[in-house]
Each structure stands twice: as C-alpha cells, then as structure tokens.
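Dear colleague,

I am passing on a structure that you have not worked with before, and below it I have set down what was found in it. Please read the notes with the structure open beside them.

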Amino acid sequence: MTYFTYKGILFPTVGSSVETLNYVENEFQLLDDDIVTVTYPKSGTNWMLEILGLIQHSGDPSWISSIPVWDRSPWIEMSDCLDTALKYPPPRFLTSHLPIQHFPKSFHHSKAKVIYVLRNPKDVLVSNYHFSKSFKGFQDPGTMEEFLEKFLTGNVAFGSWFDHVRGWMELKDRPNFFLVTYEELQQNPQDSVKRLCHILGKDLNSQQIDSVLENASFQKMKENSMSNFSLLSQEFFDHKKGKFMRKGISGDWKNHLTVAQNEYFDRVYQEKMQGVNITSYGTEEC
Ligand code: PPS
C-alpha cells in the first residue's frame, strides 16, 4: 500500500507510520535552537535546505557537496531520518511536510524557528504530478485531469494544499515563523538570502552571499549528487521516468493546464482560500 491515513490525511508508507506520526506530534521535543523548513511537498523544500546549509557554512559548499540533503536536514516525519535528527547537536536543521495540526506540539512553547516555503499551487500541482510518476512513495498520478481532481480535493500525500497553507498561515504573526515564497527566491535572490542570513543570525560578506547564490542555483543543485536525489535507489525512485531537479521555473502550469482546468482551479482556490491574506506568489497570478 502506498499510503496510510492518519487523522483523515494520506501519508506515504515509505519511511513513516501511524506510530511515528503520533510520536512526532505528541512527544518529539523541538529545541529553541532548531531551524525547521516546513513546506507542502514540491514547494521548494530542497532549494531552501541548500540555501540554509550554505549560509550556515558561510557559503562554503563542502558540507552540501558531501552529505545527502536528507541527512543534513532530516524529515522529522520519517522514522529513519528522525533517528538522525535526535543525534544532532544544536542547532539542528530539520524538515517537515506536516500540516500544522500534526506538527510537534512542543513547537507551541519553544523558540524553534519555522521557515515556511510557499509556492504557487498550480506549479506545485505540476511538479507533484511529474514527481509522482517517478517517486515510488507517491501514488501514480494518472492523467493530469485525474490528478487535478485529487489535488483539489486533498486526496494526495500530505493532504490538501489549501488546508496546509491555511493552517500554517494562522501562525504568520509569530516572531519565530518566517514565510518565504519560491517566487521571491527566484525574483529577488540576493535580498532573500540576506533575510535568511538574518533569520539564522549569520553575518555573511558579499563574496560569501555570492557563493550561496551560485551553489544553490538550479544548475549546481542539478549537478550535486547530494542534492539531486540521484542517490535514491531504484526501489524508491524510477530515474528513467523523471528527474527530481526537473525544470525549476515559475509558471510551468501554463504549459500543462487547459483553460477549463485553470478556471476550475481558480474557482476552487477562491472558495477555499477566502479570507487568507497571501500577498503574492511573485508575478504569477494564481
Ligand atoms: S519535495 O519532494 O517535496 O521535497 O520537493 P521540493 O524540494 O519541495 O520541490 C521540488 C521542486 O523545486 C525545484 N527546485 C528548484 N527550483 C529552482 N531553483 C533551485 N535551485 C531548485 N531546487 C529545486 C525542483 O526542480 C522542483 O520543481 P519542478 O517544478 O518540478 O522543477
């Protein structure tokens, strides 16, 4: 079975279980120094992890070029990764796709920082559609028509994009919650990296910032076997069917959605995101 259901949401069976999720939600202790990258899948998680890893090492790419991304910043909802996370000295870099209601309860009385990466949901849909063809932990997406329906109804891994974003946006005024969009990383990389340096309390000079930008570029990440998922065995990822580092652009949804599908998406978006004040997904309208 590809997925199991935990409190009404689908989760991939690979690496996780009801017991793990229950433990993470109720017992896992976040520490004040922790930095957790939180995303709905396909929103730019690994890009953020690359940037944070580089900032932490003052632009030196040795660490990101020698340790797989899932060990550098483990996914807390995956039992193997969680074991790694528990062994780390502070500050720990952690990652999660969990919706807010299943995120560690300890967060609510800690100073741990959450960096939430948001991406235009239509691009998330398209990225997820392609990823689901090669990643064996996700169900085969079927046709775009079929996948669109599943995505809009939340019948996909980690549940509804709308619920995920709505839930996390409720924390947006907290001092330890930071919202970054995929689109702003692309449009304003220099300022975004400076802001992230500030969040991490790191003071990088302009050469070091340039090194962060260069080494976290799509091309460099595509070539970095520690970041491009090429180390994932065939058992988990069919490398013949697709690449994790696929296109890395904004607006690819325009190449995939028909006019009718796009209008349908907009209708559902308007209905489900009513009252949520998200200023922008960059220049790409939603
Ligand atoms: S996952 O599986 O949820 O962890 O995937 P995630 O890392 O969140 O998202 C993968 C998409 O991010 C793109 N990506 C990048 N875009 C621009 N620049 C850089 N450096 C970069 N690194 C990763 C990746 O290509 C996936 O998007 P698509 O649209 O499929 O190309």
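Which residue in β5 is the bridge partner of V36? It is V114. Before going further, please keep in mind that this is a predicted model, in which local features need pLDDT of at least 70 and side-chain atom pairs count only at pLDDT 80 or more, while totals for chains, interfaces and linings use all residues. Residues are numbered from 1 along each chain as its sequence is written, and side-chain values use heavy atoms, with hydrogens and water left out.

The strands around β5

Strand β3 (residues 35–39) pairs with β5 in the parallel sense over five bridges, where strands (E, at least two residues) and helices (H or I, at least four) are DSSP runs numbered from the N terminus, and two strands pair if DSSP finds at least two bridges between them. Strand β6 (residues 177–181) also pairs with β5 in the parallel sense, over five bridges, and there L118 stands opposite T181 of β6. Strand β5 (residues 113–118) is largely enclosed by the rest of the structure, because five of its six residues are buried, that is, under 20% relative accessible area, with exposed meaning over 50% and partly exposed in between (1.4 Å probe, protein chains only).

The ligand

The shell around the ligand holds 22 residues, of which T45, N46, S127, Y182 and G248 come nearest; a residue is counted as near if one of its heavy atoms lies within 4 Å. Helices α2 (45–56), α5 (121–134) and α11 (218–223) each supply at least two residues of this shell, and α2 gives the most, with three. Taken alone, the ligand exposes 650 Å², and the protein buries 97% of that (Shrake-Rupley method, 1.4 Å probe).

The start of the chain

T2 is found in the segment before β1 (3–6) and is partly exposed, with a relative accessible area of 24%. Leaving aside neighbours within four places in sequence, T2 is in contact (heavy atoms within 4.5 Å) with F11, P12, T13, K136, G137, F138 and Q139. The C-alpha atoms of T2 and D60, which are 58 residues apart along the chain, are separated by 38 Å.

With best wishes
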